[in-house]
Amino acid sequence: MDEIALREQEEALRNQVAQLSPEARKQYYQLEEQLVKDPDTYAVLNYFFAAGLHHFYLGKTARGAINLTLMLIGLALILFYGWILLILVCLIELPQLFNSQKIVRKYNIDVMREVLDELKDTKQNQTI
């Protein structure tokens, strides 16, 4: 997904938030503050710890566990060509580092959408 599409999605969600009642908007911002992630933290975790910690940060535990396991195996077997595995993991994760802003922005947009949906569901349940 390109930057323009992400910006359009984010703007559409911000417009939906603006249409909420003051009470719901306050609730939205409280939930959003708890759930959104910082792109710089993601990038730092990726840069310094190519072992998959950045995936754990976004809640992608399966991918994080696979990366961590591969890194540990590579370290354990470093004398027996484990360094090749380490290099491969780093090469696979390198695009994540360069796209960290976009990846986290997409994640945060998804969080915004989920929070809005949750608030709408709560409002509908209260009217029933």
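How are helix 5 and helix 6 oriented to each other, roughly parallel or roughly antiparallel? Let's work it out. Keep in mind that this is a predicted model.

Start with how we describe such a pair. Two packed helices are described by the angle between their axes and the distance between the axes. Here, helix 5 covers residues 61–76 and helix 6 covers residues 82–98. Their axes come within 7 Å and cross at roughly 150°. Angles over 145 degrees count as roughly antiparallel. Helix 5 and helix 6 are therefore roughly antiparallel to each other. Their crossing is left-handed.

Who meets whom? On the helix 5 side, the residues include Arg 63, Asn 67, Leu 70 and Met 71. On the helix 6 side, they include Trp 83, Leu 86, Val 89 and Glu 93. The residues of this contact divide into 9 nonpolar, 4 polar and 2 charged.

Next, the core. The largest nonpolar core has 12 residues, among them Leu 6, Leu 20, Tyr 28 and Leu 119. Helix 1, helix 2 and helix 7 each supply at least two of its residues. Which helix gives the largest share? Helix 7 does, with 6 residues.

Look at Leu 13, one of the core residues. Leaving out residues up to four places away in sequence, Leu 13 touches Ile 109, Met 112, Arg 113 and Leu 116.

Last stop: Ser 100, in helix 7. Is Ser 100 buried or exposed? Its relative accessible area is 4%, so Ser 100 is buried. Not counting residues up to four places away in sequence, Ser 100 touches Pro 39, Tyr 42 and Ala 43.

Notes
Residues numbered from 1 in each chain as written. Predicted model: local features only at pLDDT ≥ 70, side-chain atom pairs only at ≥ 80, totals over all residues. Heavy atoms only, no water. Axes fitted to C-alpha atoms, helices over the stretch in contact; angles between N-to-C directions. Helix = DSSP H or I, 4+ residues; strand = E, 2+ residues; numbered from the N terminus. Parallel < 35°, antiparallel > 145°, perpendicular 65-115°, else oblique. Left-handed = near helix turned anticlockwise from the far one by under 90°. Contact = heavy atoms within 4.5 Å. Nonpolar A, V, L, I, M, F, W, Y, C, P; charged D, E, K, R; others polar. Core = buried A, V, L, I, M, F, W, Y, C linked by side-chain atoms within 4.5 Å. Buried < 20%, exposed > 50% of the residue type's maximum accessible area, 1.4 Å probe, protein only.
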